[in-house]
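Student: I would like to learn how to read the features of a protein structure step by step. Could we go through one together?

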Amino acid sequence: MDSNHGWPEPIIRVQSLSESGTETIPTRYIKPPSDRPSIAANSSPLSIPVIDMSAMSREEMASAMSAACREWGFFQVVNHGVRPELVRHAREIWRRFFHLPMEEKQRYANSPTTYEGYGSRLGVEKGACLDWGDYYFLHVLPSSLKNREKWPALPPDLRDITDEYTRELLNLCGRVMEAMSIGLGLDPTRLQESFGGAEVGACLRVNYYPKCPQPELTLGLSSHSDPGGMTVLLVDDRVRGLQVRKGSDWVTVEPIRDAFILNVGDQIQSLFPCFQVLSNAIYKSVEHRVMVNAANERLSMALFYNPKADLPLSPIQELITPDRPALYKPMSFNEYRLYIRQRGPRGKSQVESLKTSQ
């Protein structure tokens, strides 16, 4: 049996490194100087838009989300309809999972074939620079991929809470997709139809960033844009860490209690990659990264809402004009996801490499 579970090298859990008491991080985690977090990035006066979903008509919400997608590719939503008690319970039960004994977590060690389970690296390049974080990855949709045996049995109510949490977020995604579609001047159901209608995919990645003795040298997650359609992110409301690129600046997102951060993925940008591809780059997928902290651990939960895996994706025809020709080559989400998984996070270079030559 492959002791590395298919990874090119033995897997070292970042949490184990953190808890070892080391005062220096291994060389494998040290980023090139140009990629390291900077003090200047933390002081930017800019902030991503905040949208109150209970205080707007459908048309007003569509306008606000459309503006945020065009300008930022990111926004926060408050009063979104998901119970705060559920939001907090989901985050804390996964925090309890990461504090279980290592042998219990190792039962779910993942492989690069599906990434499902307990992991500590993205990409399979041998000798690659690594990120300071562990994670747990789960399939939610389609139901044929949802394997409850891969969902941790401990803590005892983790499976049920995660089930309820993901159901609520899928409902939220449906509402946001309608608003984004209207914001593009399309029928409310058009964007969802382009994703495959009821046959969409969804997965959950819970990110755990342990304390780091040298946070100025590394990142919890390197700069990247999300490969799928839309991401709904619940961040740690006690510790900042997420940074979003705005021009040449990195803007540190200030978390709002019980809010979700939504961002456009590559597929919507191009309609597809996901929103970027489908929207033919009207909506932008934006680079983001995660800082780590010397004094505090940090946990976040990202639900990825994706197109039907084998559906050929290309810009929505209504969004192609002589002045805005199709910018992206047709490709299924499965093909694009495999491309990303083999290479790991690399800024915006992944989606930009799929552009057609004009």
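Predicted model: local features only at pLDDT ≥ 70, side-chain atom pairs only at ≥ 80, totals over all residues.

Student: What share of the residues of the protein counts as buried?

Tutor: In soluble globular proteins, nonpolar side chains tend to be buried together. Here 56% of the 358 residues count as buried, and the largest nonpolar core has 55 residues, with F75, W94 and F260 making the most contacts inside it. Helix α6, which spans residues 158–183, gives the most to this core, namely 11 residues. Apart from this core lies another one of 18 residues, including L233 and F304.

Student: Which residues is F75 in contact with, leaving aside its neighbours within four places in sequence?

Tutor: Among them are I48, M65, V176, M180 and F260.

Student: How do the axes of α3 and α6 cross?

Tutor: Two packed helices are described by the angle between their axes and the distance between the axes. The axes of α3 (residues 58–71) and α6 come within 8 Å and cross at roughly 75°; angles of 65 to 115 degrees count as roughly perpendicular, and α3 and α6 are therefore roughly perpendicular to each other.

Student: Which residues meet there, in α3 and in α6?

Tutor: On the α3 side they include M61, M65 and C69, and on the α6 side they include V176, M180 and I182. By class, this contact of α3 with α6 has eight nonpolar, two polar and three charged residues.

How values were computed
Residues numbered from 1 in each chain as written. Heavy atoms only, no water. Buried < 20%, exposed > 50% of the residue type's maximum accessible area, 1.4 Å probe, protein only. Core = buried A, V, L, I, M, F, W, Y, C linked by side-chain atoms within 4.5 Å. Helix = DSSP H or I, 4+ residues; strand = E, 2+ residues; numbered from the N terminus. Contact = heavy atoms within 4.5 Å. Axes fitted to C-alpha atoms, helices over the stretch in contact; angles between N-to-C directions. Parallel < 35°, antiparallel > 145°, perpendicular 65-115°, else oblique. Nonpolar A, V, L, I, M, F, W, Y, C, P; charged D, E, K, R; others polar.
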